[in-house]
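Please take a moment with the sequence and the model below before reading on. The paragraphs that follow lead through the strands, then the chain as a whole, and then the aromatic rings.

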Amino acid sequence: MICTNCFEAEYKTAKTELTVTINGESHVLHNLDCETCPACGEITFTHAQSLEIDKKRIALEFGLKPLLAPDQLKILRRVLDMKLEEICDLLHVGRNTYGRWERGEVEITPSMNLLVHNLIEKVPIAGVNLLENERVIAIHKANAPLLGQYVSFGEYIREVIAATKLLPDVVCNSVGIELAELIKIENNDVAPEQIPPEVTASIARFFEVPFDNLKRMLNEAFSVFKMKNSVTSVHARSTSYDAKGAAVQTSSVNKIIEKLAQKKAGSQAQTQVSEEYLEKVKATLKNLNKTGL
């Protein structure tokens, strides 16, 4: 076949490399068959050669997508607020098939894994809850304004979860605590020093909170906790509510006390978390960062 660029020589089959972009990242495909002109160096691909390039690109893309775990598939349905039948209709798979994936009886197939990853990437809230790189980006964005504010440890956790749209279960699984424990910490219902140092350090590492900011948040949480105890009797005489109403009331009272504690902080000595506790948290945090766990 004559070169369509210089028309002076016929193409010869040779080998070349090609850079492709997958998920915004560049990757080089090596040892590709091509047709090159010995006169001008023009490179082209036949139909068959182009198909082989597509196969290699797709194979690379499959390999770059980690297989989704059963818990991730369950979380995906929660994030999308879909029943099993609905997500199966969306993905064109049988209920038994998706159910077996969720139960961990069989691994999701590579082709369906890629399809589900593509779905996740189209739904920001799904990406934040299921993909670590998306979660890190969202947390960094939320931290930009939050770390500069005068907030308690519990208030910070509530705000960053709300800003990133993280599911509380995802946070709990990542830091190794139960949901009830997370709620207590969020509401400053437990004195900071009663939180195991490992838990405090894990939360700080998960949300990438610098130690100096963490120390300030814990001190503020201590002040809020003490202030809450002083108004417990007033709260106890309030009207009875059902579970949902009680949760709303508790949240409202908590926010009022947090704001009151912030106002008083500048006019009186702030309660300090002990240096011994802070050193334990700092040492644990250092170890977590070193081991990468």
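**Strands, chain and rings**

Strand E2 pairs with strand E3 (residues 43-44) in the antiparallel sense, and 2 bridges hold this pairing in the model, which is a predicted one. Within this pairing, threonine 36 has isoleucine 43 in E3 as its bridge partner. The hairpin that E2 and E3 form has 6 residues between the strands, and in this hairpin glycine 41 takes a positive phi near 85 degrees.

On the other pairing of E2, strand E1 (residues 12-22) runs antiparallel to E2 (residues 25-36), and the two are joined by 10 bridges.

Among the contacts between residues at least 6 apart in sequence, 66% join residues that are at least 24 apart. The accessible surface comes to about 16,800 Å², and 54% of that surface belongs to carbon and sulfur atoms.

A search of the whole structure for aromatic pairs finds 3 of them. In one, the rings of phenylalanine 206 and phenylalanine 207 have centres 4.9 Å apart and planes at 85 degrees, so this pair counts as edge-to-face, the cut-off for that class being over 60 degrees. Phenylalanine 206 counts as buried because its relative accessibility is 15%, and phenylalanine 207, at 0% relative accessibility, counts as buried as well. Ring pairs also bring in Tyr156, which is linked with Phe206 and Phe207 into a cluster.

Key: Residues are numbered from 1 along each chain as its sequence is written. This is a predicted model: local features need pLDDT of at least 70, side-chain atom pairs count only at pLDDT 80 or more; totals for chains, interfaces and linings use all residues. Side-chain values use heavy atoms; hydrogens and water are left out. Rings of Phe, Tyr and Trp (its six-membered ring) pair if their centres lie within 6.5 Å; planes under 30 degrees apart count as stacked, over 60 as edge-to-face and the rest as tilted. Buried means under 20% relative accessible area, exposed over 50%, partly exposed in between (1.4 Å probe, protein chains only). Contact means heavy atoms within 4.5 Å. Accessible areas come from the Shrake-Rupley method with a 1.4 Å probe; for residues, only the protein chains shown count as cover. Two strands pair if DSSP finds at least two bridges between them. Helices (H or I, at least four residues) and strands (E, at least two) are DSSP runs, numbered from the N terminus.
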